[in-house]
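Let's take a walk through this structure together, with the ligand as our guide.

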Amino acid sequence: MYGVVSSGKEARVYWAKNRKGDDLAVKIYLTFTSEFKKSIRQYIEGDPRFERIRGDTRSIIYAWTRKEYRNLKRMYGAGIRVPKPYYCHKNILVMEFIGENGVRAPLLKETRLEEDEYYDILERVLNYMGLMYKKARLVHADLSEYNIMILGREVVIIDVAQSVTLDHPMADYFLRRDIKNVLRYFREEADIETPSEEEVYRRIVQ
Ligand SMILES: Nc1ncnc2c1ncn2[C@@H]1O[C@H](COP(=O)(O)OP(=O)(O)OP(=O)(O)O)[C@@H](O)[C@H]1O
Ligand SMILES: [Mg+2]
């Protein structure tokens, strides 16, 4: 294990290496505030994969970690560019490191690119949203410029613990919210023209 890549409120992400010397990202969920515990209930309840979880904090953290791991696997298998998931144990998730030599790639939020590059990135994000819906049968549910990394010419989607299956009662609501957030960023901050929310919604679901 090497340095801390990111230290958020609930999770810490470390840069690490395996015995072969490949870079890894290790995400460790530390503690859950009661506020966060409350907010994640809506993503766990309603997902048939996580129906019988006990209510104590430890069980919820482990379920949350496992949920992120399984969502990553499902997305990776559907051809969506996410960090390749390697391993999950208790509150620890090990995945591909998105960056180089221990330096993480920038978030979309942190980039200043040319107009044509933003058009290209938007197109890829919409494609991944479509694959996520139609092939992985999942909705990201927290998609924004903060959870998209730009690795050279690749667009990498991260942070998928809260992603839900399509049979979740709020899946449609989460999808529309993701679309809104993504389009708002490209329109207002990247300053490019975007299709309407309705057009994008139809493209994703059909
Ligand atoms: N696989 C990875 N490779 C490199 N860096 C990563 C990876 N996954 C996450 N990160 C970095 O760690 C940060 C936090 O990760 P993530 O978004 O998954 O967690 P989070 O729960 O949203 O944490 P936070 O509260 O800090 O936003 C990301 O913004 C990114 O900078
Ligand atoms: Mg995040």
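Where does ligand 1 sit? Ligand 1 sits in the largest pocket; a pocket is an open set of points on a 1 Å grid over the protein atoms alone, with protein on both sides within 12 Å along at least five of seven lines, and sitting there takes more than half of the molecule's atoms within 2 Å of its grid points. The model is predicted, with local features needing pLDDT of at least 70 and side-chain atom pairs counting only at pLDDT 80 or more. Residues are numbered from 1 along each chain, and side-chain values use heavy atoms, without hydrogens and water.

Now look around the ligand. Its shell holds 18 residues, each with a heavy atom within 4 Å, and K27, E96, I98, R104 and D159 are the closest. Domain 1 (4–100) and domain 2 (104–205) both contribute to this shell, so ligand 1 lies between them; the bounds come from an automatic or database domain assignment.

Some polar contacts (pairs of N or O atoms within 3.5 Å) reach oxygen atoms of the ligand: the side chain of K27 at 2.7 Å, that of R104 at 3.1 Å and that of D159 at 2.6 Å.

Terms used
Chains lettered and ligands numbered in written order. Polar contact = N/O pair within 3.5 Å; in protein donor to acceptor, adjacent residues only side chain to side chain. 1 Å grid on protein atoms, 1.4 Å probe; cavity = no way out; pocket = protein on both sides within 12 Å on 5 of 7 lines; lining within 4 Å.
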